[in-house]
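Thanks for coming. I have one structure to go through, and I will keep to a few residues.

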Amino acid sequence: MADMRNPTDVYGRKTFFVTPDTSLLPESYLQDYLAHGYEAYVISDTHSCSLRKKIDLIVSMFPDSILFFHIDYDSEHIEWPHFIKDLQRLHGDHIIIGVLYNKRLNEQEARELEQYYLIEAGIQGGCIALEFQRARNFALIDKVMFANQSCGRRKTVRALCDNLSELTFDLKKPGRMSRGTVRYKAKLHDISLGHFSCMFSSMPYDIPIYEKVKDIMMLVNGIRLRADAVLVMKREMQTGILFIFMFTKSDGAPGLDPDSADRLGNKIYQMVTSCTKALLQDVFSKAGIEERSESFYL
């Protein structure tokens, strides 16, 4: 198998939830965590390759990652206490390991779990008891992700737009005596739930910083969106001037209105995670072929 430890097209700290109890931590939470800056994935025990091999590949490919293991998952080939302790000893500070478990009614059992994983095994990501009411678990995990700096160096998740992504809007012609409007057209460069950047196809009239622009029509990787925004920065680039806008709601507050935020959030999640998901699917599939081939000759 090719060495995939440093894929050039996948960046940023990632969090992996290994075999989580989806009744307590549904996969739909991942999109909401992305809005907080946390790029997270679920790793299930499917038959593409063994779960142990999946974990080995993730640690090799993403050495700055965070892995949360749900130890109440009954794995046929992994004993969680020994496996997690050995993984922590082997990789030390190169990865962060956390443990999730279903809340225990027996407090002594919960204390013994924490004693083993936090003290004896020496994990750094915490030992978290999931509540029976899953709505509480979103905030619980969100705090743990924040404490473990799951966002890495980035403050927000920005998604790079494809070549067809663009925007148009109309502004009043500059000058007191001018009448009519000018149509501006630009190529989108990247986008988040708070900001977007673009380059105009032709040099626009001098748009003042903090100029509010209404009714921007946007095409973002195949979805259409209408939004208001304020120009907050201009940055000189080798290819031209990059204009950076901040989204504003209809009432003037920063951000997008709820419906637009939901639609764009869905799209950004797809844009950000698709490359990593495809990479994982590919290496897991190849690893599974190798495992089956090895077992055939044993």
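Cys-49 is buried, at a relative accessible area of 4%; buried means under 20%, exposed over 50%, and partly exposed in between, with a 1.4 Å probe and protein chains only. Before going on: this is a predicted model, where local features need pLDDT of at least 70 and side-chain atom pairs count only at pLDDT 80 or more, while totals for chains, interfaces and linings use all residues. Residues are numbered from 1 along each chain as its sequence is written, and side-chain values use heavy atoms, with hydrogens and water left out.

Cys-275 is partly exposed, at 27%.

Next, Ser-65. This residue sits in the loop between helix H2 (51–61) and strand E3 (66–70); helices (H or I, at least four residues) and strands (E, at least two) are DSSP runs numbered from the N terminus. Is Ser-65 buried or exposed? Buried, with a relative accessible area of 1%. A polar atom of the Ser-65 side chain lies 2.7 Å from the backbone oxygen of Phe-62. Beyond its neighbours within four places in sequence, Ser-65 is in contact (heavy atoms within 4.5 Å) with residues including Lys-14, Ile-58 and His-94.

Last, Gln-281, in helix H6 (residues 258–297). Gln-281 is exposed, at 60%. Its C-alpha is 15 Å from that of Ala-40, 241 residues apart along the chain.

Key. Polar contact = N/O pair within 3.5 Å; in protein donor to acceptor, adjacent residues only side chain to side chain.
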